[in-house]
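Work through the exercises below with the sequence and the model open. Each task is followed by a solution in steps.

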Amino acid sequence: MTALHRSKNPTDEPLVLGFETSCDETGVGIVRGNTLLADAVASSVDEHARFGGVVPEVASRAHLEAMVPTVQRALSEAGVTLADIDAIAVTAGPGLAGALLVGAAAAKGYALALDKPIYGVNHLAAHICVDQLEHGPLPEGCVAMLVSGGHSSLLFVPDVTGDVQPLGQTIDDAAGEAFDKVARVLGLGFPGGPLIDKAARDGDPDAIAFPRGLTGPRDAPLDFSFSGLKTSVARWVEKRERAGEKVPIADVAASFQEAVVDVLTRKAILACKERGADHLLIGGGVAANSRLRVLAEERAAKAGIRVRVPRPGLCTDNGAMVAALGSELVRRGRTPSELDFPADSSQPVVEVIAR
Ligand code: KG4
Ligand code: ZN
């Protein structure tokens, strides 16, 4: 907790309870101002592992079962009671429809019972805002790169509570999805990101020249594509297997990972330069990738840009990020959502608060 940003007079600031259920993590976080008090997460990832991907119905059921125990765990971790809560925030979208509904229904129930304001918030804005818990207030006009199993976007963020502008995004697979699919091809398991990250440590990133998607002169400079890369890895591995040769797992993992992080960091730095931003914020599950963190630092330093990346536990989905955004919305005096706001599986990134 020592590295967390602390306000001068924390007890003056509102206590916010945040809920996250957009995918397979049931997250309940509690913050006061920018101080993280609790971050309880129950994951159903093991239940999805044998399917090689998240099964929406299984995730929804798991959220339902985990919700109340996770709230209780967060309250006891923070040393507060429900009566102390000043405001509630919940991911309204984007995400899996059924999974989002469970979180929204639970959060609305708590808001109604406690007679407190509720903010239905955008999951992507929450991924950005969480960094405030660790590194203090966000600089005005930073570029954010969000890379996870469900999204890969570059955003310009003049104001995380109301002005988030899309600069580019993936036209096919998300970066994390590519990690998961390549891990499956290599027989490493699910979720693939951390397993590829680990396998790549013993491999040569230059062993195989895998393609860098959308980096040609006529390609959209800030969009991503990972589907061709994934197919290219699968073909490379199949060819070795058909020839009865051993697949060099570590080299394939390292070369694939290098192809992804090379493109991500190159485009993120370009976005910063185009927008005149001197801060790059990286969030989402793939931001936990060790090579991405190193290469982003290296390239940003050369361009005079500062990188902000939350610690890995705050990069993957959690309730603290939702509470962090809720807290910022309260601090800026933004109008809360109506109690009947919808859970929106395709909530656009420009819509920070659901109405
Ligand atoms: O943000 P997140 O927890 O959930 C989504 O909103 O998708 O991200 C999960 C994704 C998965 O695809 C996982 O494989 C990937 O993040 N991931 C990683 C690493 N840790 C998690 N990818 C690359 N390297 C990692 N170390
Ligand atoms: Zn996410």
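**Exercise 1: the ligand site**

A backbone N or O atom of Gly149 lies 2.8 Å from an oxygen atom of ligand 1. The model is predicted: local features need pLDDT of at least 70 and side-chain atom pairs pLDDT 80 or more, while totals for chains, interfaces and linings use all residues. Residues are numbered from 1 along each chain as its sequence is written, chains are lettered from A and ligands numbered from 1 in the order in which they are written, and side-chain values use heavy atoms, without hydrogens and water.

Task: find which residues come nearest to ligand 1, and list polar contacts (pairs of N or O atoms within 3.5 Å).

Solution.
1. Ligand 1 has 22 residues around it (a heavy atom within 4 Å); Gly149, Asp180, Gly193, Asp197 and Gly285 come nearest.
2. The side chain of Asp180 has an N or O atom 2.7 Å from an oxygen atom of ligand 1.
3. At Gly285, a polar backbone atom is 3.0 Å from an oxygen atom of the ligand.
4. On its own, ligand 1 has 550 Å² of accessible area (Shrake-Rupley method, 1.4 Å probe), and the protein covers 90% of that area.

**Exercise 2: the nonpolar core**

Task: state how many residues the largest nonpolar core has, and what Phe256 touches.

Solution.
1. A nonpolar core is a set of buried Ala, Val, Leu, Ile, Met, Phe, Trp, Tyr and Cys residues joined through side-chain atoms within 4.5 Å; buried means under 20% relative accessible area, with a 1.4 Å probe and protein chains only.
2. The largest has 51 residues, and Phe210 and Phe256 are among those with the most contacts inside it.
3. Its largest share, 13 residues, comes from α9, a helix (DSSP run of H or I, at least four residues).
4. Leaving out residues up to four places away in sequence, Phe256 touches (heavy atoms within 4.5 Å) Ala178, Phe179, Val182, Ile196, Phe210, Leu229 and Val233.

Terms used
Buried means under 20% relative accessible area, exposed over 50%, partly exposed in between (1.4 Å probe, protein chains only). Helices (H or I, at least four residues) and strands (E, at least two) are DSSP runs, numbered from the N terminus. A polar contact is a pair of N or O atoms within 3.5 Å; within protein, one must be able to donate a hydrogen and the other to accept it, and residues adjacent in sequence count only if both atoms are side-chain atoms.
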